[in-house]
Amino acid sequence: MATRYTATGSPGPYPVLLADVKSYLRVDSTADDDVITLMIEASTQFAETYISRDLRTRSWIATLDRFVEEFTDRIELRRNQIDTITAVKYFNNETIPVETTIPATDYYPRKGQWWGYVVLKSTSDWPDDLDDVQEEQRITVEFTTIPPVNIEQIQLALLRMIAAMYENRGDCGGCGTSAEAANLAGRLGGPFLSQFRIPRI
């Protein structure tokens, strides 16, 4: 059963700041600030896709069809490390669909190595299907995630990619297509980013 993730609101700050990038590039003027900012955004988005992890604080809504999964006492949230779980809600009646919030006292967040879980307390149960007809309960979990704790090597990878883009701006060092530009970024950042890659389902 697939879990669908929807980002809400605006993400937190980028993992490298404009001032730090300019210092790394040894750029003193402000003439290229807008271009460098775009490069920060592009390299961050590339890295997030490449390693399947969020490098910025984000708010998410995870949507599932029903409570019973591989482990019946938990809901797996395959995003970054969980910071907080705001709410777990569900629709449990096909005839009169009313959204119900599960009390926070019934579950707790469990932080794994790569992502997290909503875990039932031993004294609690997921709600039953009230009408015995509905095949889907539509559960939503609202939660926030935080960036990886040890992010220094990721920041270095971003700086290397930005430096290459800045040095070759206009021609990308011979890149004829955006795919070739992405390949260049991958070759420069890959050795630093590969150890942070995780599976995304």
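Residues are numbered from 1 along each chain as its sequence is written. Because the model is predicted, local features need pLDDT of at least 70 and side-chain atom pairs count only at pLDDT 80 or more, while totals for chains, interfaces and linings use all residues; side-chain values use heavy atoms, with hydrogens and water left out.

Helices and strands are DSSP runs numbered from the N terminus (helices H or I, at least four residues; strands E, at least two). Two strands are taken as paired if DSSP finds at least two bridges between them. An open sheet of five strands has the order 1-2-8-4-5, and its pairing is antiparallel. Strand 1 (4–8) and strand 5 (99–101) are the edge strands, each pairing on one side only. From one strand to the next the twist averages 30°. Trp60 stands opposite Phe143 of strand 8.

Three strands form an open sheet in the order 3-7-6, again with antiparallel pairing. Strand 3 (74–77) and strand 6 stand at the edges with a single partner strand each, so one side of each lacks a neighbour in the sheet. Neighbouring strands of this sheet are turned against each other by 20° on average, direction ignored. Strand 6 (residues 107–111) and strand 7 (residues 116–120) run antiparallel and are joined by five bridges. These two strands form a hairpin with four residues between them. Pro109 has Val118 in strand 7 as its bridge partner. Strand 7 is also joined to strand 3 by four bridges, and these strands run antiparallel. Here Leu77 stands opposite Gly116 in strand 7.

Two packed helices are described by the angle between their axes and the distance between the axes. Axes are lines fitted to C-alpha atoms, for helices over the stretch in contact, and angles run from 0 to 180 degrees between N-to-C directions. The axes of helix 2 and helix 3 come within 9 Å and cross at roughly 130°. That angle makes helix 2 oblique to helix 3 (under 35 degrees counts as roughly parallel, over 145 as roughly antiparallel, 65 to 115 as roughly perpendicular and the rest as oblique). Contact means heavy atoms within 4.5 Å. On the helix 2 side the residues that meet helix 3 include Ile36, Met39, Ile40 and Phe46, and their counterparts in helix 3 include Ile154, Leu158, Met161 and Tyr166.

Ile154 is placed in helix 3 (residues 152–167). At 0% relative accessibility, Ile154 counts as buried (under 20% relative accessible area, with exposed over 50% and partly exposed in between, for a 1.4 Å probe and protein chains only). The C-alpha atoms of Ile154 and Val16 are separated by 9.5 Å, although the two residues are 138 residues apart along the chain.

Asp33 lies in helix 2 (residues 33–51) and, at 16% relative accessibility, also counts as buried. Leu18 and Lys22 are touched by Asp33, not counting residues up to four places away in sequence. The side chains of Asp33 and Lys22 make a polar contact at 3.0 Å (a pair of N or O atoms within 3.5 Å; within protein, one must be able to donate a hydrogen and the other to accept it, and residues adjacent in sequence count only if both atoms are side-chain atoms).
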